[in-house]
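Hi,

Here is the structure I promised to pass on. Have a look at it first, and my notes follow below.

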Amino acid sequence: MFGRKKKKAPQTDEALLSDALGDLLKDQQVKEKRKRRRQWLRWPEWLDRRVAIGLAVVVIVIIADAVRRENEEFYAVVTQAVGTVTVTTRDLPQARAPQLNEKLPDYSTIKTGPASWAELSFPDGSKVVLDANADLRIKLLEYHRGGKWRSRSFLLSSGRLIARITDNFGKESEMRVYTPACVAAARGTRFSVSADAAGAAARTVVGDGIVEVQGFTGKRMFVRGKGDCSAVAGGTPTQPAFAPAADLNAFRSRAMVQIVRTDPWYKQAELTITQTLDAPLTILGIGKCSWAVGAADFARRAGAQEALRKIHVNLEGDTNFPLWVNPATLKELGIQEQGGVESLLKNFDGAAIESYWSDGKRFQITARGRDRHKTRYQLDASGVHRAENQD
């Protein structure tokens, strides 16, 4: 009847024996597979466990030391302070005298009084010397582990800054000095930038190498060794001329001529290892190069786009736009943002926008993200767009 199982015919002794042998063979095959797997996973006889553990410890120590070196890239160290020198930091906003070898992070300000000067040093051997009556803001110090490039950005409100960038700085790295009148960008060279107290003019003198001087209207000049270039707020930088001998004497100081050797092989090897391991170290949030715990390139790009959107919200409804804007402060745009304009600018490469254009009725802002490729974005009245020309 339906639903009732059909009874199996009784098996013979030969059939039962055959089934038993088949099950035994299958069981033996499973055991052989497990044995081979255990042998593959088993510690090689020729490798002593103590040696392997020692090698693992060495690798961990190398990575830890490399991360320590990377973390040093995010500070400017006060190696000299003569006369009246004061510093302020985000954590300690009250002006005070700096300690020798004190590390200054982003958003720190260092000022010198009359007949005073200060020296800042960096891990690659680069130096920044502040003359008397100088006011310098450290905007952004960054080292990108994956791309192995550095980005240093300063705002010089007044006084003179004398800089020397060494060959250890890196070909893809860049240092920018923003003033109330222009931007000076350099890679490997000696140069000085000065800004008058009124904030209306600035000068750039180049000892050797090439420095790009850009006005706030987008016009730029390339100044070569022993060259002198001036700029006024909102104007085009002047054609480079020969610098006076007195200005070139600043590059003969000890900090400017001191021999800086190439990074030792072990430092290069350590940084190459962490560069190779950039992805897992960033995911784990190990070291300051991770920018934030677990942050990756997509987060940096998203941060740049969101900052541009906030700027757009602040500008919506305006019908008249300034003809030029200081890219490091955006002061002329009158942006009201919770946390200040710096909270927006910190999302951009160099903690500043790249350029600003306006004819009074229209505007266009260009900025780069802080991701590996420094992705460029544009903002206009229609919103945020990814720039077509990605160089």
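**Aromatic pairs, a pocket and a helix**

Phe363 is buried, as its relative accessible area is 6%. Please keep in mind that this is a predicted model. Phe321 is buried too, at 11%. These two rings form a tilted aromatic pair, 4.8 Å centre to centre with 50 degrees between the planes. Phe321 sits in the loop between helix H7 (297–315) and helix H8 (342–345), and Phe363 belongs to strand E18 (residues 363–368), so their pairing ties together parts 42 residues apart in sequence.

The whole structure has 4 aromatic pairs. Another one of them joins Trp265 and Tyr266: with ring centres 5.8 Å apart and planes at 85 degrees, it counts as edge-to-face. Trp265 is exposed, at 68% relative accessibility, while Tyr266 is partly exposed, at 40%.

Now to the largest pocket, which has a volume of about 770 Å³. Its lining is made up of 33 residues, and Glu174, Arg176, Glu212, Glu354 and Arg368 are the ones nearest the centre. By class, the lining has 14 nonpolar, 13 charged and 6 polar residues. Strand E13 (210–215) is among the strands that each supply at least two lining residues, and E13 gives the most, with 5.

Finally, helix H2 (residues 49–72) has 24 residues and spans 35 Å from first C-alpha to last, close to the expected 34 Å. Its buried residues are Ala52, Ile63, Ala66, Val67, Arg69 and Glu70. Among the elements covering them are strand E7 (135–144), helix H5 (265–276) and helix H6 (278–283).

Best wishes

Key: Residues are numbered from 1 along each chain as its sequence is written. This is a predicted model: local features need pLDDT of at least 70, side-chain atom pairs count only at pLDDT 80 or more; totals for chains, interfaces and linings use all residues. Side-chain values use heavy atoms; hydrogens and water are left out. On a 1 Å grid over the protein atoms alone, a cavity is a set of points where a 1.4 Å probe fits but cannot get out, and a pocket is an open set with protein on both sides within 12 Å along at least five of seven lines; lining residues have an atom within 4 Å of a point. Grid points are joined across faces, edges and corners, and a volume is the space filled by probe spheres set on the points. Helices (H or I, at least four residues) and strands (E, at least two) are DSSP runs, numbered from the N terminus. Ala, Val, Leu, Ile, Met, Phe, Trp, Tyr, Cys and Pro count as nonpolar, Asp, Glu, Lys and Arg as charged, and the others, Gly among them, as polar. The expected span of a helix is 1.5 Å times one less than its number of residues. Buried means under 20% relative accessible area, exposed over 50%, partly exposed in between (1.4 Å probe, protein chains only). Contact means heavy atoms within 4.5 Å. Rings of Phe, Tyr and Trp (its six-membered ring) pair if their centres lie within 6.5 Å; planes under 30 degrees apart count as stacked, over 60 as edge-to-face and the rest as tilted.
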